[in-house]
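Here is a briefing on one protein chain. Look over the sequence and the coordinates, then read on.

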Amino acid sequence: MTAIDRGTVWLVGAGPGDPDLLTRKAERLLQSASVIFYDALVGPGVLALAPPLARLVPVGKRSGRHSKDQKTIDALIVEAALAGERVVRLKGGDPSIFGRATEELDACRAAGIAVHVCPGITAASAAAADLGLSLTLRGLARRLTFVTAHTVKGQSVDLDWQALADPQATLAVYMGKAAAADVSAGLIGAGLAPDTPVALVENASLPERSTFHTRLDLLPLAARTALGDGPALLLIGEALRQRDPAGPAQSGASVLADAGTTGVNSSYGSR
Ligand code: SAH
């Protein structure tokens, strides 16, 4: 049974939101923590698994909203471990994917603190499951690229569009909502077909999740109109042309079928 020693730190992947998508190891670690520093994307269902006496400390981390800066988070974790606590640093998805894990690992190691990582299900895997499709396709989508399109407010994203515009790849764009117009223009400018299928998945794995199918040239409009406030992933590539006959994609007009519209917001669950 995995438990945390006093004075050690675990970076734990909380998965995409659904508490049933936590690993068993993550759940055990949570249950043996004395303090849990958690990101804003970690939902109440996961936090409810913490032991009643554990201290739950929000440390923010949603773009555009107030949160503690990375150095402060590093210092809090180190301080708690040095005080002999059993520390869990709980991060959305997988800690090693766009999760600033390196800074926290380095800070612990520099302070002589034992630190370990427990992986989690990343948002792209949960989004594919919600869409009922595969992110890779034999012969058609041979490469899967995770990319962040996080932008500093007011600036456009600076990505290597030539390298990303591969018709045989699936792109999973994290933190891409605000940069949807740049992503669309950048990829089309680098030669990717304007009718390349795109899916937007918001709140993957959660009851309020929604999925939306569109195409690359209509992505900016779709991102503006179809997405709400939740975390969202942009998935781009031929693999997204697959449709689950029983799924929401059949529930109305689709941009792929009718290039003149932005499609319908086809959601599972309660929306
Ligand atoms: N470490 C995380 C990613 C952190 S970056 C992971 O492995 O999933 C935060 C971004 O992840 C969000 O801006 C969004 O693009 C994506 N994301 C996280 N949770 C999500 C969810 N439930 N549904 C859709 N996208 C999600």
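Predicted model: local features only at pLDDT ≥ 70, side-chain atom pairs only at ≥ 80, totals over all residues.

Residues are numbered from 1 along each chain as its sequence is written, and side-chain values use heavy atoms, without hydrogens and water.

**Overall**
- The chain has eight helices and 10 strands; these are DSSP runs, with helices H or I of at least four residues and strands E of at least two, numbered from the N terminus.
- Of its 271 residues, 49% are buried (buried is under 20% relative accessible area, exposed over 50%, partly exposed in between; 1.4 Å probe, protein chains only).
- Among contacts (heavy atoms within 4.5 Å) with a separation of 6 or more, 70% are between residues 24 or more positions apart.

**Salt bridges**
- The structure holds nine salt bridges (a side-chain nitrogen of Lys or Arg within 4 Å of a carboxyl oxygen of Asp or Glu).
- Asp39 pairs with Arg89, with the closest N and O atoms 2.8 Å apart. Asp39 sits in the loop between β2 and α2 and Arg89 in strand β4, so the bridge ties together parts 50 residues apart in sequence.
- Asp39 is buried at 10% relative accessible area, and Arg89 is buried at 0%.
- Asp166 and Arg143 meet at 3.0 Å, N to O. This pair links the loop between α6 and β7 to strand β6, 23 residues apart.
- Glu238 bridges to Arg241, with the closest N and O atoms 2.8 Å apart. Elsewhere, shared partners join Asp39, Arg89, Lys91 and Glu104 into one network.

**Helix α8 (residues 219-226)**
- Its buried residues are Leu219, Pro220, Ala222, Ala223 and Ala226.
- Cover for the buried residues includes α7, β8, β9 and β10.

**Surface patch**
- Phe98, Leu144, Phe146 and Met175 form a nonpolar surface patch with about 310 Å² of accessible area together (residues with over 30% relative accessible area and no salt bridge; nonpolar side chains, Val, Leu, Ile, Met, Phe, Trp or Tyr, are joined within 5 Å, like charges within 9 Å).
- Phe146, in strand β6, is partly exposed at 31%.

**Cysteines**
- The whole structure has zero disulfides (cysteine sulfur atoms within 2.5 Å).
- Cys108 is buried at 1% relative accessibility, and Cys118 is buried at 1%.

Note on methods
Areas by Shrake-Rupley, 256 points an atom, 1.4 Å probe, with all protein chains shown as cover.
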